[in-house]
Every structure is written in C-alpha cells, then in structure tokens.
Amino acid sequence: ALPIYSGRTILQDKYETLGQVALRCKQQKSRLDTFTATLDPKSMLPVLQNHLRIIEEESEDMAEMFLQGLIPLDAFLEDFISKRQLAHQRRVRVEKLQELLKKQESKPQPSINQSDRKS
C-alpha cells in the first residue's frame, strides 16, 4: 500500500506543478499578446501620427513665440532645428508605414484550398 500512496502523492505534486506551469504560460501569452498588439503596424500608425502632430505643433508654437520676441534667437534656432528634424523623421516614418500598410492591403490574401484541409 505504501508504493501506491507515494505514487499518488507524486502524481498529485506533478499535477499541481502542471497547473502552475499552465497558469504561468497563460499569463505570459497574455503579456505577449499585449506586446505584439502594440507592434501591429495598423495600431502604430495613429500613434506615430499623433507624435508627429505634437512635435509639429510644438515647433509652430516656438516659431510664434520667437516672432513675438519671447525667445532669444540662439535658443530659438537650437530648439526649433531639433524639433523640425524630429518632425521630419517622424513624417518619414509615418509615410513609410502608410506605404507598408497599402502594400499589405493590396496583396491578395492566400486562399485555403479544400485539398489543404485535414478532415
């Protein structure tokens, strides 16, 4: 009776370990799904467009402040140039991402042949 009892205990321990591993696996899958969703090109485009809009507004506001005499020339040139460079980089990224998405949309979707399915 002792070997059966110890075998049952080992099996119970293994089953508990399996439950813990399954739970960790589900949690990590959830984290992975969340992470990959942020990398989806369709979800990245609005984020990039928003960041582009923000930096362009900041540079326009800075130009207005300079024209009103609120910012000295040296400070304006240094900050304005860096903001415009960043805006340009973001604009290029947005345009490239838009091109990528258009290419993906124009590609024909692979069809599933009946012969490829397993019954």
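Against which helix do the buried residues of helix 3 pack? In this predicted model, where residues are numbered from 1 along each chain as its sequence is written, the buried residues of helix 3 pack against helix 2.

The secondary structure of the chain comes to 3 helices and 0 strands, and its elements run α-α-α from the N terminus on. Here helices (H or I, at least four residues) and strands (E, at least two) are DSSP runs, numbered from the N terminus. Of the 119 residues of the chain, 11% count as buried; buried means under 20% relative accessible area, exposed over 50%, and partly exposed in between, with a 1.4 Å probe and protein chains only.

Helix 2 has 27 residues and reaches 39 Å from its first C-alpha to its last, close to the 39 Å expected at 1.5 Å a residue. The expected span is 1.5 Å times one less than the number of residues in the helix. Just after helix 2, G69 takes a positive phi of about 80 degrees.

Now to the way these helices meet. Two packed helices are described by the angle between their axes and the distance between the axes. The axes of helix 2 (residues 41-67) and helix 3 (residues 73-106) come within 9 Å and cross at roughly 155 degrees. Helix 2 is therefore roughly antiparallel to helix 3, a label for angles over 145 degrees. The axes are lines fitted to C-alpha atoms over the stretch in contact, with angles from 0 to 180 degrees between N-to-C directions. By class, this contact has 18 nonpolar, 4 polar and 8 charged residues.

Both helices contribute buried residues. Those of helix 2 are L45, L48, L52, I55, S59 and M62, and they pack against helix 3. In helix 3, the buried residues are F76, K83, A87, V94, L97 and L101.

R91 is partly exposed, with a relative accessible area of 26%. Leaving aside its neighbours within four places in sequence, R91 is in contact (heavy atoms within 4.5 Å) with L52, E56 and R84. The C-alpha atoms of R91 and L52 are separated by 6.4 Å, although these residues are 39 apart along the chain.

Conventions. This is a predicted model: local features need pLDDT of at least 70, side-chain atom pairs count only at pLDDT 80 or more; totals for chains, interfaces and linings use all residues. Side-chain values use heavy atoms; hydrogens and water are left out. Angles under 35 degrees count as roughly parallel, over 145 as roughly antiparallel, 65 to 115 as roughly perpendicular and the rest as oblique. Ala, Val, Leu, Ile, Met, Phe, Trp, Tyr, Cys and Pro count as nonpolar, Asp, Glu, Lys and Arg as charged, and the others, Gly among them, as polar.
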